[in-house]
Amino acid sequence: MSNTVSATERGLIRLYSIEMPAEETPAFIDQPLEDDAVWPVMDALGARYLDSDFIEVFDVASLEEIGFKGYLILGNGVAEEDVAPYAELLDQVTGTVLMVVSSAFGGFEQELSPKRPLRHIATFKEASAPVQFEQLPRESAKGVVGDTPMKKKPSDAAMSGRIATLALLVMFLLVALMIWVAR
């Protein structure tokens with residue numbers, strides 16, 4: 001998979017193995033409080049922007065009941081058929097893993113250039129529900145354009161009111177014209 005993150009990227013999950021001693025991992029992952037300080041995980045990814053709310057770090061051993069593949073499928077919505085070709089590779093992954101979802105890049109186009117201690121494992125796409133166009137369940141929901149009622153004709157009283165208003169406007173203009181000429 002490409003290391004290019006587009007501004008419109010959605011639904012990708014990038015997995016990286018963190019190859020460092022477990023006791024050093026918190027310092028690598030924790031975002032510094034100072035704005036100008038280097039954030040090691042962002043630097044190792046080669047990212048220009050990274051939102052910590054959309055990254056996850058975990059030890060693969062903690063997934064013992066469902067396993068790494070199960071976590072991707074059940075916990076993150078990756079299609080089983082997408083995981084199947086990587087089954088052997090995923091079974092061999094041990095230690096700490098960094099999971100970065102598309103939202104972590106905040107819609108900023110950028111080129112990732114991962115370096116040690118990160119090693120790219122795989123990139124997966126979240127499964128999305130297929131779009132289905134089905135008939136609406138009730139006849140009343142269908143409607144017909146031709147059934148729209150015609151616009152009602154104005155009543156005689158409404159027409160008389162409009163004519164009277166027009167006549168008053170014409171008389172006002174005539175009086176104003178006479179006053180202007182008389183000056």
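Helix α3 is followed by Gly 77, whose phi is positive, near 75 degrees. Most residues other than glycine have a negative phi. Helices and strands are DSSP runs numbered from the N terminus (H or I, at least four residues, for helices; E, at least two, for strands). The model is predicted, so that local features need pLDDT of at least 70 and side-chain atom pairs count only at pLDDT 80 or more, while totals for chains, interfaces and linings use all residues. Residues are numbered from 1 along each chain as its sequence is written, and side-chain values use heavy atoms, with hydrogens and water left out.

The buried residues of α3 are Phe 68, Gly 70, Tyr 71, Leu 72 and Asn 76. Here buried means under 20% relative accessible area, exposed means over 50%, and partly exposed lies in between (1.4 Å probe, protein chains only). The cover over these residues of α3 includes β2 (12-18), β3, α4 (80-83), α5 (87-92), β4 (96-101) and β6. Asn 76 belongs to helix α3 and counts as buried because its relative accessibility is 17%. A polar atom of the Asn 76 side chain lies 3.1 Å from the backbone oxygen of Tyr 71. Apart from neighbours within four places in sequence, Asn 76 is in contact (heavy atoms within 4.5 Å) with Ile 13, Tyr 71, Met 99 and Glu 126.

The structure holds 4 aromatic pairs. Rings of Phe, Tyr and Trp (its six-membered ring) pair if their centres lie within 6.5 Å; planes under 30 degrees apart count as stacked, over 60 as edge-to-face and the rest as tilted. One of the pairs is formed by Phe 58 and Phe 68, edge-to-face, with 6.0 Å centre to centre and 70 degrees between the planes. This pair links distant parts of the chain, as Phe 58 lies in strand β3 (residues 55-59) and Phe 68 in helix α3 (residues 67-76), 10 residues apart. Phe 58 counts as buried because its relative accessibility is 8%, and Phe 68 counts as buried at 5%. The rings of Phe 58 and Tyr 71 have centres 5.2 Å apart and planes at 65 degrees, so this pair is edge-to-face. Phe 58 in strand β3 and Tyr 71 in helix α3 are 13 residues apart, and their pair also links distant parts of the chain. Both Phe 58 and Tyr 71 are buried. Phe 58, Phe 68 and Tyr 71 form one aromatic cluster.

In strand β4 lies Val 100, which is buried, with a relative accessible area of 0%. The C-alpha atoms of Val 100 and Leu 12 are separated by 8.3 Å, although the two are 88 residues apart along the chain. Leaving aside neighbours within four places in sequence, the contacts of Val 100 include Leu 12, Ile 13, Tyr 16, Leu 45, Leu 50 and Phe 105.

Leu 50 is also among the residues that line the largest pocket, together with Gln 31, Pro 32, Trp 39 and Met 42. By class, this lining has 7 nonpolar, 1 polar and 2 charged residues. Ala, Val, Leu, Ile, Met, Phe, Trp, Tyr, Cys and Pro count as nonpolar, Asp, Glu, Lys and Arg as charged, and the others, Gly among them, as polar. A pocket is an open set of points on a 1 Å grid over the protein atoms alone, where a 1.4 Å probe fits, with protein on both sides within 12 Å along at least five of seven lines; lining residues have an atom within 4 Å of a point.

A cis peptide bond joins Arg 116 and Pro 117, with omega about 15 degrees. Pro 117 is placed in the loop between β5 (110-111) and β6 (118-125).

Key
A polar contact is a pair of N or O atoms within 3.5 Å; within protein, one must be able to donate a hydrogen and the other to accept it, and residues adjacent in sequence count only if both atoms are side-chain atoms.
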